[in-house]
Amino acid sequence: VQLQASGGGLVQPGGSLRLSCAATGFTFSLYVMGWFRQAPGKEREFVAIISRSGGSIFYADSVKGRFTISRDNAKNTVYLQMNSLKPEDTAIYYCAAGRTIVRSPTSYDYWGQGTLVTVSS
């Protein structure tokens with residue numbers, strides 16, 4: 001099982017990034033996919049979740065209206081489009097696969113290695 005996250009980097013406030021997470025080793029379409037983030041000195045927190053079919057999506061209040069989660073089951077990939085980025089969005093972003101739509105990171109079975117997003121001028 002592997003979740004390979006990519007797309008992070010340094011971006012100025014107000015800018016955009018698109019994260020990708022490619023999954024291998026399990027049946028991607030049977031899993032709920034989530035994005036979480038962890039800033040230095042803080043706990044890992046929920047960002048967004050998408051159901052198996054993509055029909056149900058949930059966001060943290062802090063990113064609602066700025067971030068968009070999507071998935072392509074044919075490509076075994078989940079995405080996070082991040083617009084209007086703020087310095088407080090700076091964190092390591094992780095993708096995760098789970099069985100149910102929950103916001104707790106402890107409920108997810110598989111995790112990627114994370115990709116660093118830095119929002120700074």
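Mentor: What follows sets values against definitions. This is a predicted model, where local features need pLDDT of at least 70, side-chain atom pairs count only at pLDDT 80 or more, and totals for chains, interfaces and linings use all residues. Residues are numbered from 1 along each chain as its sequence is written, and side-chain values use heavy atoms, with hydrogens and water left out.

Trainee: What makes Cys21 and Cys95 a disulfide?

Mentor: The rule asks for a pair of cysteine sulfur atoms within 2.5 Å. Here the S to S distance is 2.0 Å, so Cys21 and Cys95 are joined. By this rule the count is one disulfide.

Trainee: Why is the disulfide of Cys21 and Cys95 given its handedness?

Mentor: The torsion about the S-S bond is about 60°, so the disulfide is right-handed. Cys21 lies in strand S3 (residues 17-24) and Cys95 in strand S9, so the bond ties together parts 74 residues apart in sequence. Strands are DSSP runs of E, at least two residues, numbered from the N terminus.

Trainee: What makes Phe36 and Tyr108 an aromatic pair, and of which kind?

Mentor: Rings of Phe, Tyr and Trp (its six-membered ring) pair if their centres lie within 6.5 Å; planes under 30 degrees apart count as stacked, over 60 as edge-to-face and the rest as tilted. Phe36 and Tyr108 are 5.0 Å centre to centre with 75° between the planes, so the pair is edge-to-face. Phe36 lies in strand S4 and Tyr108 in strand S10, so the pair ties together parts 72 residues apart in sequence. Ring pairs also link Phe36, Phe46, Tyr94, Tyr108 and Trp111 into a cluster.

Trainee: How do you know that the charged end of Arg18 sits over the ring of Tyr79?

Mentor: NZ of Lys or CZ of Arg must be within 6 Å of the ring centre and within 35 degrees of the ring normal. The charged end of Arg18 is 4.0 Å from the centre of the Tyr79 ring. Arg44 sits over the ring of Trp111 at 4.7 Å.

Trainee: What makes S7 and S8 a pair?

Mentor: Two strands pair if DSSP finds at least two bridges between them. S7 and strand S8 (residues 77-82) have six, so they pair, in the antiparallel sense. Ser70 stands opposite Tyr79 in S8.

Methods
Helix = DSSP H or I, 4+ residues; strand = E, 2+ residues; numbered from the N terminus.
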